[in-house]
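Reader: I have a chain open here and want to go through it with you. Can we start with the surface?

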Amino acid sequence: MNRYASTQNFMEYVQSRNVGQPEFHQAVEEVIDSLLPVVQENKEFQEAKILERVVEPDRIVSFRVVWYDDKGEAQVNRGYRVQFNNAIGPYKGGLRFDPSVNVSILKFLAFEQIFKNSLTTLPLGAGKGGADFDPKGKSNLEIMRFCQSFMNELAKYIGPDIDVPAGDIGVGGREIGYLFGQYKKIRQEFTGALTGKGPTWGGSLIRPEATGYGAVYFARNMLKFNKKDIAGMECAISGSGNVALYAAEKIIQLGGKVLTLSDSKGFIFDKDGINAEKLNYLHDLKTVRRGPLKEFAEKFNVEYHEGKKPWGVKCDLAFPCATQNELNGEDAKLLTGNGCFLVSEGANMPSTPEAIEVYKEMKVLYGPGKAANAGGVAVSGLEMAQNSMRHSWSREEVEDKLACIMSSIHDSCIAYGQTQNGVDYLKGANIAGFMKVAKNMVSFGVM
Ligand code: NDP
């Protein structure tokens, strides 16, 4: 069987080698669809088995994490680090602490990271990690003990030139602080082995904001390319964590109107638009106190829809910023039926394959996560550069660089994604991200 003859053939190969990993299959299929024509035309890539190698992680580390809860009872979790590909730089990608964490989810995230990191133009390889630990309802001391125990093992595998983790769902500035403190103690070194650090201990300004801001910059680039502007646009956002709240902040700064935010329990609809005062409250509620959005709805007297997603609301632009597969085919039909014409993904793989089909049919401007949310890892790359120089750039300098990187990602998508029906950003992002990695892998020989 010729593996390169069709997506289905190649996927049979991937599925047989990665049984029971549906999220990983989904992420690979989305990419292979775009890459097969490139590989079919390139003998060098075929001979070096680049496609087979690019879907195989360099290594996966899995380890036990034991810690004491506040009652003095020992708890056992499982930690992971997936080091997927370092063809263009040290492994780079976040850590996720969530009960849903498993090998399939981390492999999908690390795989996406290959293309995303390549698109940033920075020298960043791809990895992802985390644990099936649930930070919800844990005390500060429990979080600290968990992070220290997690780092006792992870420290063996990371370093500023080897693998540089950052945050993701459930891992924000506080957790990075505990992880960095423990790394520093074990290794006796103060280096940039993690990003998302505090600004007084090696962190970059704008890193917390970067993913959300970047997703809005990417939307602005798509709009500009179509002679439109974000000012006056009505926006639906999902999520209310780090990515969602900074996406909201940037939309408001650029004159757009934020109608919705959501969490794992439901969504809020604010017909007047969320303003800076409400956003301040939300930062405290969701990222410091980690309370439910319902509390916000009661305080500001806005609509709250328990157990629902925000995709039925009439809007112009949508920013899915919560989690994977949060927007399915039915949601996409509702969204586009109500006039939404642009989707910029702050989250990783939030749209299901069926939703992406609807975007295609409805000619929606669709910015896939690996392009639209690359701002976070891009500023992590800038944090690594500042750490190497032992120097810090100002907010303005970092934000300018972020805006330039997002424009350059948009340009790359256009360069590789032109079709008869306009720009296919998914195809453009996949091919542009792949080419650099594949060429480097060929240069290094078969190994
Ligand atoms: P946070 O933990 O800060 O926030 C996650 C948000 O999503 C919370 O509002 C949470 O609700 C909600 N959520 C989580 N799971 C679900 C679910 N199953 N259904 C509905 N809502 C859910 O994470 P981030 O903001 O950092 O990350 C959000 C997304 O962005 C993820 O896909 C992540 O991989 C991606 N991303 C993050 C980057 C970063 O720099 N942080 C970089 C690039 C991508 P609740 O409060 O109820 O838990």
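This is a predicted model: local features need pLDDT of at least 70, side-chain atom pairs count only at pLDDT 80 or more; totals for chains, interfaces and linings use all residues.

Reader: What percentage of the residues count as buried?
Author: 58% of the 447 residues. Buried means under 20% relative accessible area, exposed over 50%, and partly exposed in between (1.4 Å probe, protein chains only).

Reader: And how does the radius of gyration fit a compact globule?
Author: It agrees: a compact globule of 447 residues would have a radius near 22 Å, and the chain has 21 Å. The radius is taken over C-alpha atoms, and the globule rule is 2.2 Å times the number of residues to the power 0.38.

Reader: How many helices and strands?
Author: 17 helices and 14 strands. These are DSSP runs numbered from the N terminus, with helices (H or I) of at least four residues and strands (E) of at least two.

Reader: Take H1. Which of its residues are buried?
Author: H1 covers residues 7–17, and Thr7, Asn9, Phe10, Met11, Tyr13 and Val14 are buried there.

Reader: What covers them?
Author: The cover includes helix H2 (22–40) and helix H4 (50–54).

Reader: Different topic. Where is Thr352?
Author: Thr352 sits in the loop between strand E11 (342–344) and helix H13 (353–361).

Reader: Why does Thr352 count as buried?
Author: Because its relative accessibility is 9%.

Reader: Which residues is it in contact with, leaving aside neighbours within four places in sequence?
Author: Thr352 is in contact with Gln26, Asn325, Leu327, Asn328 and Gly329. Contact means heavy atoms within 4.5 Å.

Reader: Now Glu277: buried or exposed?
Author: Exposed, because its relative accessibility is 54%. Glu277 lies in helix H10 (residues 276–288). Its C-alpha atom is separated by 38 Å from that of Phe111, 166 residues apart along the chain.

Definitions and conventions
Residues are numbered from 1 along each chain as its sequence is written. Side-chain values use heavy atoms; hydrogens and water are left out.
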